[in-house]
Amino acid sequence: MKRTRKALIALSAATLLLLVAAPASAQASESARMIQELNDKLLVVALPITLLVEGILIYAVLKFRNNDDPQPTQENRRLEITWTIATAIILLFVGFAAFQVMASPQISTVGPDNQPDPSEDFVIDVTATNTWAWQFNYTGEYDGVQTTNEVYLPEDEQVYFRITAEDWLHMMHVPELGLKQQARPGTVNTITTTPTETGQFQGYCTEFCGVGHSTMLFTAHVQTQENFEEEMASRMEENGGGNASASLQ
């Protein structure tokens, strides 16, 4: 019995240590915050189940390790009904929590009926080029500004990305901003997020796309509104007041 107790204590201590030592993930946008909150909810559900199952397993191994005449288990309807109801409740909670996040416009792909209007919304056209680079074309007020492997975003303003590719598949991913979407030739996928923290965040391609895949990186610069306006003014001045760049249709 002492061994069983020690094993359960060790398992509980290891789980607690894992939770304390786990690094907090960055939440630099509304998308990232929602994803992290969902992960936390699912962790709260998963941990007690894990501890219960592992505890029963360790207990059974230690208690019956010297049993040379094992007997078959007997039916227990009350136990079966209990764990069936408990499982149903857990699955309903997980499904509802996941649906709330996955159905949010900040997480899912923007549908054809809710496409942004560049004259009213902040829209950036993203193209994965055949030279293994990311090209960003600003629209609307900042039409004519084009950057390569760098994108500038204002803090606390909703941004739409319309993503495509020139010749083959890519995947745009910025973990700290909660952004991930495939870039397909001939197709435009729209995603959105609202950056909530200033800083520089690494973006990259997560779909193997050829010999230049490992170098297909870009940096997302989230700036205060004032710094962002200065950045855009400077770049438009470099372009001679802005050459109208073609927006994706």
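Biologist: Is Ser31 buried or exposed, and what is its relative accessible area?

Modeller: In this predicted model, a residue counts as buried under 20% relative accessible area. Ser31 has a relative accessible area of 0%, and it is therefore buried. Ser31 belongs to helix 2, residues 30-63.

Biologist: Which residues does Ser31 touch, not counting residues up to four places away in sequence?

Modeller: With those sequence neighbours left out, Ser31 touches Gln106, Ile107, Leu177, Gly178, Thr192 and Thr193.

Biologist: What is the order of the strands in the open sheet?

Modeller: The five strands follow the order 4-10-9-6-7, and their pairing is mixed. Strand 4 and strand 7 (179-183) stand at the edges; each has a single partner strand, so one side of each lacks a neighbour in the sheet. On average, neighbouring strands of this sheet are turned by 20° against each other, direction ignored.

Biologist: How many bridges join strand 4 to strand 10, and do the two run parallel or antiparallel?

Modeller: Strand 4 (residues 150-154) runs parallel to strand 10, with five bridges between them. Tyr152 stands opposite His221 of strand 10. Strand 9 (residues 199-205) is antiparallel to strand 10 and joined to it by six bridges; here Gly199 has Val222 as its bridge partner. Strand 6 (residues 170-174) is likewise antiparallel to strand 9, through two bridges, and His173 is partnered by Tyr204.

Biologist: Which strands does helix 4 touch?

Modeller: Helix 4 (residues 225-238) packs on the sheet and touches strand 4 and strand 10; the helix direction makes about 135° with that of strand 4.

Biologist: How many residues of strand 10 are buried?

Modeller: In a regular strand, side chains alternate between the two faces of the sheet. Strand 10 (residues 217-223) is mostly covered, with five of its seven residues buried.

Note on methods: Residues are numbered from 1 along each chain as its sequence is written. This is a predicted model: local features need pLDDT of at least 70, side-chain atom pairs count only at pLDDT 80 or more; totals for chains, interfaces and linings use all residues. Side-chain values use heavy atoms; hydrogens and water are left out. Buried means under 20% relative accessible area, exposed over 50%, partly exposed in between (1.4 Å probe, protein chains only). Helices (H or I, at least four residues) and strands (E, at least two) are DSSP runs, numbered from the N terminus. Two strands pair if DSSP finds at least two bridges between them. Contact means heavy atoms within 4.5 Å. Axes are lines fitted to C-alpha atoms, for helices over the stretch in contact, and angles run from 0 to 180 degrees between N-to-C directions.
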